[in-house]
Number of protein chains: 2
Amino acid sequence: MFSLEIQTLIKHLSKLPGLGPRSGRRAALYLIKKRSEFLKPLAEALLSVHAAIKTCTLCHNLDTKDPCSLCEDPKRDTSLLCVVEEVSDLWAIERTDSFKGRYHVLGGVLSALDGITPEDLMIASLLKRIENSLKTEQPIQEVIIALNATLEGQTTAHYLMDALSKYPITVSRLAHGVPMGGELDYLDEGTLSLALKSRRPL
Amino acid sequence: MFSLEIQTLIKHLSKLPGLGPRSGRRAALYLIKKRSEFLKPLAEALLSVHAAIKTCTLCHNLDTKDPCSLCEDPKRDTSLLCVVEEVSDLWAIERTDSFKGRYHVLGGVLSALDGITPEDLMIASLLKRIENSLKTEQPIQEVIIALNATLEGQTTAHYLMDALSKYPITVSRLAHGVPMGGELDYLDEGTLSLALKSRRPL
């Protein structure tokens, strides 16, 4: 019923996160119907990303240059280092526009179930980076562990706190609590009890 | 925060039906992280569809040849013609594997609100196609109007029934009724009353 070319396109589109076989077909048809406006530009955008993308050797962010634009930006505070799981978390923090330090992308979290050990993550390069910075005139002073509030994320955070305890730096983590706009009635017990424990004087 | 290439890719992905800014970012990151497996193949699939895709001059289906593979298939019944709004509807009927005739894609429905008149749709070419077939030895004998059960779809169906009444052919439409697995309690009144009116003896 479909030509091979359309079948291949649907197969590839269906694999995108958020799309499945049905929405993959819809997306393919949309692209085909508006082929001059969308299909060609999308293909070209993909190819130019493919040609340009690099992993930053310093922080493991994805960018078109290495070191990445965040690591190269002289306006960013070198004394603050934020450790995240994935590039998507770095993007999420950047969108808040409230962090002006630098990042370190671990590339995942420790997981006994999936067999992810410290060697699989960018932990050695994190320690190396801190050690090197301590020898310079602008040492890293604080490491913010911004991992997901999942079991694996918290295990990894504990592991990192241990590994970082030997350096003369402050180690902090993101605050847990009631999300903005969150209703207490709908909040899980764990978050609510953490929010109670970490209550702040007004 | 993003390089221009990644921004452009996210912008294009966000426009796909089913994706928005957030899922567009997720899709972009997914493609970038698995760039050898997915990014290049997707770009190539898009380009090969772009190079190969044609609109069938006979039925207005999208395919890589013209006339399309459905119009060219000698095993399909030339006496049955199914009129649909969009190529996606043709795909939906083909997936049922229960129709072995040919198709005619209108390219939309009449809509006073959007200013869509009969001249904007492939109605003239439908009438021409029927007239031509009546002169051959394998004339079209039945036209099945398979338009969506929306207001515009039904308006267009009425318009087509009028236009087709002058030909010695049967004009039919899809049955309305309770969908498979549908619970009466959750069904809208219109469908339920139509299902009652069109009840069939057991």
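1. Start with one ion pair. Lys33(B) and Glu86(A) form a salt bridge, with their closest N and O atoms 2.6 Å apart. A salt bridge here is a side-chain nitrogen of Lys or Arg within 4 Å of a carboxyl oxygen of Asp or Glu. This pair crosses between chains. Lys33(B) sits in helix α2 of chain B, while Glu86(A) sits in the loop between β3 (80–84) and α5 (87–96) of chain A. Helices (H or I, at least four residues) and strands (E, at least two) are DSSP runs, numbered from the N terminus.

2. Know what you are looking at. This is a predicted model, where local features need pLDDT of at least 70, side-chain atom pairs count only at pLDDT 80 or more, and totals for chains, interfaces and linings use all residues. Residues are numbered from 1 along each chain as its sequence is written, chains are lettered from A in the order in which they are written, and side-chain values use heavy atoms, with hydrogens and water left out.

3. Now count the charged pairs. Over all chains, the whole structure holds eight salt bridges. Between chain B and chain A the count is two. The interface of these chains also has two residue pairs in polar contact, both at pLDDT 80 or more. A polar contact is a pair of N or O atoms within 3.5 Å; within protein, one must be able to donate a hydrogen and the other to accept it, and residues adjacent in sequence count only if both atoms are side-chain atoms.

4. Look at which parts of chain B touch chain A. Elements giving two or more residues are α1 (4–14), α2 (21–33), α3 (35–52), β2 (62–63) and α5 (87–96) of chain B. α3(B) gives the most, with 14 residues. By type, this side of chain B has 28 nonpolar, ten polar and eleven charged residues. Ala, Val, Leu, Ile, Met, Phe, Trp, Tyr, Cys and Pro count as nonpolar, Asp, Glu, Lys and Arg as charged, and the others, Gly among them, as polar.

5. How much area is buried between the chains? About 5,100 Å², and carbon and sulfur atoms give 78% of that. Buried area is the accessible area (1.4 Å probe) that two parts lose on being put together, summed over both. The contact (heavy atoms within 4.5 Å) takes 49 residues from chain B and 49 residues from chain A.

6. Turn to the sheet in chain B. It is open, has four strands in the order β4-β3-β5-β6, and pairs in parallel. Two strands pair if DSSP finds at least two bridges between them. β4 (102–105) and β6 (170–173) of chain B stand at the edges with a single partner strand each, so one side of each has no neighbour in the sheet. From one strand to the next, the twist averages 25 degrees. Four bridges join β3 (residues 80–84) of chain B to β4(B). Val84(B) stands opposite Val105(B).

7. α6 (residues 123–134) of chain B touches β3, β4 and β5 (142–145) of chain B, at about 150 degrees to β4(B). Angles run from 0 to 180 degrees between N-to-C directions, with axes fitted to C-alpha atoms, for helices over the stretch in contact. α7 (residues 151–164) of chain B lies across β3, β5 and β6 of chain B, at about 165 degrees to β5(B).

8. Check chain A too. Its open sheet of four strands has the order β4-β3-β5-β6, with parallel pairing. Val83(A) stands opposite His104(A) in β4(A). α5(A) lies across β3 and β4 of chain A, at about 160 degrees to β4(A).
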